[in-house]
Amino acid sequence: MKSKIKWAALGGLVLSFASLLLHLFLARTSADLVQYTAITVFTEDLTPTLASKKGPGFRKLWGHVKSLEPLHPYPNPRSTYPVAAEQNNGFIYAKIAGSFEKIRNSIVDLVAISRLLNATLVIPEIQESARSKGISSKFKSFSYLYNEDQFIAALANDVTIVKSLPPILREARRRKEYQIFKPKSSASLRFYTSEVLPRLKKAKVIGLTLTDGGCLQSTLPPSMAEYQRLRCRVSFHALQFRPEIEALGKLMVERLRVSGQPYLAYHPGLKRDALAYHGCAEIFQDVHTELIQYRRAQMIKQGIISEELSVDSHARKKNGSCPLMPEEVGLLLRAMGYPPRTRIYLAGSETFGGQRVMIPLRAMYTNLVDRTSLSSKQELANLVGPETPLTPDPDQLLPVKSTNQLKEEWDKAGPRPRPLPPPPDRPIYQHEKEGWYGWIAEKDMEPEPSPNDQREQAHRLLWDALDYIVSVDAEVFFPGFDNDGSGPDFASLVMGHRLYEMASARTFRPNRKYLAELFNSTVDHLYYPPRNWTVAVREHLNKSLAEEGLLQESNLSKMKFFLSNPIPECSCSTVKATDIVHSGKNNNLHLLFEGQEECLKWMQQLRTQETNAGEVDSQEDETDLDGQSESEGYNGTDAIPSLEQDEEMDPDD
């Protein structure tokens with residue numbers, strides 16, 4: 001009997017061991033086959049009945065803005081616009097440095113300058129993706145991000161573009177025989193016509209170094225409207241990502257929309273440079289505050305900032321100069337009525353503060369995903385291409401000592417007192433530091449970027465390109481921060497593209513100063529605010545979707561960044577401004593359509609068909625909204641609600 005028990009126990013151990021080996025083998029071989037995991041945990045945002053019927057509740061969260069539907073993209077030339085001449089004044093060669101949005105805006109300005117000076121543009125060199133950064137040998141700097149052939153072909157009627165300088169001028173460039181200019185993004189037309197053009201005609205080639213996110217002022221005279229439309233054609237049509245990026249971006253969109261559900265794209269805008277520029281250090285804690293302050297000190301030395309190093313960050317936040325924190329965005333979306341299982345895509349290759357700042361938003365909205373959730377490591381690696389391995393940093397390698405060396409050191413140490421003193425401090429190795437900011441614990445100066453850091457900067461351009469595709473295609477876009485005219489930024493670029501491509505798509509343009517006052521009014525009841533506070537949030541954000549938010553955004557940002565608001569130059573309307581005046585609609589709508597040209601007949605016919613098809617839906621929406629307004633009793637102004645006006649709301653309302 002005992003022998004049978006022993007044999008049974010032995011058999012069980014053998015089977016357990018075999019099962020363990022099988023599981024380890026399957027885990028190892030299937031690791032690379034996992035494509036994405038976020039889709040499997042998606043739960044339905046809305047009930048199938050509501051999603052299929054597209055009822056009023058669904059349209060209030062995801063439907064288009066009715067008042068902006070007459071706007072259509074129309075970037076074609078409106079006046080005599082001759083084809084680019086082969087015989088011109090010379091060549092323009094440029095080097096571009098900066099983030100994704102600065103690079104894109106600089107390329108757009110370069111094309112406009114080439115047209116202005118009647119020059120041939122050489123495909124610009126992007127410094128962040130140069131071969132010296134160790135990127136894959138498959139790509140040149142420009143082709144690492146964009147499709148060169150598409151870029152050249154799309155602008156053939158506007159500017160002559162070549163991939164490289166002629167051999168003679170290439171040698172002159174190596175000998176530095178031609179002048180190099182470093183224009184700012186605020187450079188005027190006169191600067192180019194009076195200073196750059198004579199040098200171009202004389203030397204037949206000039207160089208431009210762009211680090212400011214552009215090389216031409218945003219606003220141009222009305223007589224130069226064709227150059228503004230050229231900017232739109234470059235940014236929204238000619239600048240297409242290389243096919244691998246486009247394919248993966250579209251695949252991520254499909255995975256987000258699996259089972260036919262919509263999604264919301266959210267860009268936090270928590271970038272170290274922006275936080276330092278606006279003085280928002282104190283809204284973070286510990287080492288993050290020190291990192292922001294150090295970057296701000298650098299900007300002061302470089303002359304980018306003319307203010308003091310230490311400012312009141314809380315006062316800046318009340319003034320609307322600092323980003324909305326992810327927790328605040330979650331509360332706003334909750335007040336708008338977005339259900340807890342809404343699919344939210346987190347855009348942005350850099351989120352300062354890391355995952356810690358995203359914890360409150362992730363707790364409120366569990367379907368919060370990013371590119372790493374929607375694509376596998378292999379898919380992202382294929383996008384990067386084959387790269388040569390970098391030599392390891394000596395600081396990352398622990399010194400290895402043999403047993404004899406350790407024994408010899410012990411013997412030479414001499415007599416030890418009793419008790420032994422504490423051991424001396426050992427060096428802090430790179431692998432033990434808390435992230436890339438570990439230098440703060442050792443030195444006062446930020447170290448120079450390592451080869452690995454430079455390579456990651458190039459990768460960040462690819463991640464921003466993926467986020468750009470997903471954000472532009474989203475049913476709803478919510479920016480946590482935009483520069484409000486301080487210069488190009490990712491959120492403004494996305495908002496401008498969405499406005500151009502489909503103006504009626506739901507793009508929130510929140511007034512951060514007003515929202516800061518709202519949050520301050522209910523700081524003790526953030527998760528259980530009074531109902532009138534929720535009504536005020538809905539009223540403000542709904543206004544930001546329509547003409548009022550659009551005009552406010554135009555007044556703030558268009559003066560410094562044209563692509564953030566490319567209307568009326570690059571759009572047309574299927575209704576006349578006079579018709580809007582006679583219809584008795586609000587004055588903001590009249591101001592928005594005042595400078596719009598009338599669309600072509602086929603556009604108007606298409607608009608008429610869409611209007612007839614959605615007439616019933618529009619009546620349902622108006623009835624529903626009227627009922628909501630009457631029941632909530634909100635006066636429609638932007639006055640801050642008093643906490644004494646109403647009882648606390650149901651958190652699930």
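User: Which hand does the crossing of α10 and α17 have?
Analyst: The α10/α17 crossing is left-handed. Left-handed means that the near helix is turned anticlockwise from the far one by less than a right angle; clockwise is right-handed.

User: What sort of model is this?
Analyst: It is a predicted model, where local features need pLDDT of at least 70, side-chain atom pairs count only at pLDDT 80 or more, and totals for chains, interfaces and linings use all residues. Residues are numbered from 1 along each chain as its sequence is written, and side-chain values use heavy atoms, leaving out hydrogens and water.

User: Back to that pair. At what angle do α10 and α17 pack, and how far apart are the axes?
Analyst: The angle is about 155°, and the axes of α10 and helix α17 (residues 377–384) are 9 Å apart. So α10 is roughly antiparallel to α17. The labels go by angle: under 35 degrees roughly parallel, over 145 roughly antiparallel, 65 to 115 roughly perpendicular, the rest oblique. Axes are lines fitted to C-alpha atoms, for helices over the stretch in contact, with angles from 0 to 180 degrees between N-to-C directions. Helices (H or I, at least four residues) and strands (E, at least two) are DSSP runs, numbered from the N terminus.

User: And α10 with α19: how do their axes cross?
Analyst: Helix α10 (residues 243–256) and helix α19 (residues 451–473) have axes that come within 9 Å and cross at roughly 45°. That angle makes α10 oblique to α19. The crossing of α10 and α19 is right-handed.

User: New topic. How many salt bridges?
Analyst: A salt bridge here is a side-chain nitrogen of Lys or Arg within 4 Å of a carboxyl oxygen of Asp or Glu. That rule gives 18 salt bridges.

User: Which residue does Lys-163 bridge to?
Analyst: Lys-163 pairs with Glu-148, with 3.9 Å between the closest N and O atoms. The pair links distant parts of the chain, 15 residues apart: Lys-163 is in the loop between β5 (161–162) and α7 (167–174), and Glu-148 is in helix α6 (residues 148–154).

User: What about a network around Lys-163? Which residues are in it?
Analyst: Glu-148, Asp-149 and Lys-163 are linked in a network of salt bridges.

User: Is Glu-148 buried or exposed?
Analyst: Buried, at a relative accessible area of 12%. Lys-163 is partly exposed at 43%. Buried is under 20% relative accessible area, exposed over 50%, partly exposed in between (1.4 Å probe, protein chains only).

User: Backbone next. Where is the cis peptide bond?
Analyst: From Ile-567 to Pro-568, with omega near 10°. Pro-568 is in the loop between α23 (547–557) and β13 (571–573).

User: What phi does Asn-118 have?
Analyst: A positive one of about 50°, although Asn-118 is not a glycine. Asn-118 lies in the loop between α5 (100–116) and β3 (120–122). Its relative accessible area is 33%, so Asn-118 is partly exposed.

User: And phi at Lys-204, what is it?
Analyst: Positive too, about 70°, and Lys-204 is not a glycine. Lys-204 is in the loop between α8 (189–203) and β7 (205–210). At 42% relative accessibility, Lys-204 is partly exposed.
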